Amino acid sequence: MEDVSETIRNSTHTSDITVLGLGAMGSALAAALLSSGRSVTVWNRTPARATDLVDRGTDAAGSVREAVLASPVVIACLLKHASVEETLAPVADELRGRTLVNVTTTSPNEARALAAWAAEHGVGYLDGAIMAVPAMIGSRAGQIFYSGSRAAYDTLLPTLDVWATSEYHGEDAGRASLVDLAMLSGMYQMFTGFFHGAAMVASMGMSAADFAARQAPFLAAMTEGLDGYAKVIDGGDYTVAGQQSLEFSDLAHIVRASEEEGVDPSPIAAVQALISGQIAAGHGSEALARVYESLRSGS
Ligand code: FVH
């Protein structure tokens, strides 16, 4: 059988970097690399999606194998973990000795499983979690979190910085994904809160656009409070002065108003359940941020 690592040492790469997956994000990543002067090979399951990038100077590989062999660094930007496994499993031998950067959204444990698979096959592994939309790629406005091989991160940093502001979170490959998903949890709950509020005022004829015009500056102002909550949580003293208490934060009236308007109260009822749980446990006079303790304990 061919010694693949020997092949890599002896081969002249045809490009600096390979991008597997040319969806909206993969295309943006490849285009930014190209604009930075790097030579890029791309592969996509549906070849037609490579046309624009080929017109701009990328090489399009006819197979995953060919794409992997073209560069010392391989970026995977596919739909989800299963598509990464499916795409990479047949080319494990070809990947040996190269560095794989997987920026596909995965769970922390999926990232760890991929890192273990990479280690088993002699592949350097860096997991990336993109906190940006494709239009933000190529500017410092976006953030990308990384975890996994420190050596790979340090070596690739000038390349990674082409895409966004890079932030390293440690050798445990699951960490970048954990921060990513925690951030997205906050975002989706904020969006759902907006959808719920918009549904409530719809009964009085207010459009979602009119509601958004009021809600957006209010929420932006409220984010100023996050720092204060964080200090209370990190300090671990929920009796600290100056905090809104759990009793004061009772949301039963919002749940009731939602029901009275015929709007499903489940988003706000979930928050109310957390608050009620803390009050029932005897912490009513303590800070609202104590809800964090219910979440941490899984109760
Ligand atoms: N777009 C965004 O705003 C977000 C921002 C945060 C991070 N995400 C993650 O990035 C991954 C890719 O996202 P995307 O926006 O590029 O996604 P799509 O445009 O839907 O493209 C999906 C690509 O994946 C290929 N693909 C899907 N299944 C398979 C498979 N079984 N085998 C091989 N390739 C597969 C698909 O190929 P095709 O349909 O064109 O043939 C696209 O190239 C994602 O994890 C986001 O969560 C983006």
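**Entry 1: Glu286**

I looked up Glu286 and found it buried, at 14% relative accessibility. I took buried as under 20% relative accessible area, exposed as over 50%, and partly exposed as in between, with a 1.4 Å probe and protein chains only. This is a predicted model, in which local features need pLDDT of at least 70 and side-chain atom pairs count only at pLDDT 80 or more, while totals for chains, interfaces and linings use all residues. Residues are numbered from 1 along each chain as its sequence is written, and side-chain values use heavy atoms, with hydrogens and water left out.

Next I checked the partner of Glu286. Glu286 forms a salt bridge with Arg290, and their closest N and O atoms are 2.8 Å apart. The rule I used asks for a side-chain nitrogen of Lys or Arg within 4 Å of a carboxyl oxygen of Asp or Glu. Arg290 is buried too, at 16% relative accessibility.

**Entry 2: Thr239 and its surroundings**

I then asked what separates the C-alpha atoms of Thr239 and Glu286. The separation is 5.1 Å, although the two residues are 47 residues apart along the chain. Thr239 is exposed, with a relative accessible area of 56%. I found Thr239 in the loop between α11 and α12 (252-260). Helices here are DSSP runs (H or I, at least four residues), strands are runs of E (at least two), and both are numbered from the N terminus.

Helix α11 covers residues 226-235 and is hardly covered itself. One of its 10 residues is buried. Gly236 follows α11 and has a positive phi, near 75°.

**Entry 3: other salt bridges**

How many salt bridges does the rule give? I count five.

One of them joins the side chains of Glu94 and Arg65, at 2.8 Å from N to O. Glu94 sits in helix α6 (residues 92-95) and Arg65 in helix α4 (residues 64-70), so I noted a link between distant parts of the chain, 29 residues apart. Glu94 is buried at 13% relative accessibility. Arg65 is partly exposed, at 41%.

Asp161 and Arg140 also meet in a salt bridge, at 3.7 Å from N to O. Asp161 lies in the loop between α8 (150-160) and β8 (165-168), and Arg140 in the loop between β6 (124-131) and β7 (143-148), so the pair ties together parts 21 residues apart in sequence. Asp161 is partly exposed, with a relative accessible area of 27%. Arg140 is partly exposed as well, at 48%.

**Entry 4: α12 against α13**

I turned to helix packing. α12 and helix α13 (residues 266-283) pack at about 155°, with their axes 9 Å apart. Axes are lines fitted to C-alpha atoms, for helices over the stretch in contact, and angles run from 0 to 180 degrees between N-to-C directions. The angle makes α12 roughly antiparallel to α13. Angles under 35 degrees count as roughly parallel, over 145 as roughly antiparallel, 65 to 115 as roughly perpendicular, and the rest as oblique.

Which residues make the contact? Ala252, Ile254 and Val255 of α12 meet Ile268, Ala269 and Gln272 of α13. Contact means heavy atoms within 4.5 Å.

**Entry 5: α9 against α10**

Last, I checked helix α9 (residues 175-202) and helix α10 (residues 208-222). They pack at about 135°, with axes 10 Å apart. That makes α9 oblique to α10. On the α9 side I listed contact residues including Met190, Phe194 and Val201, and on the α10 side Phe211 and Leu219 are among them.
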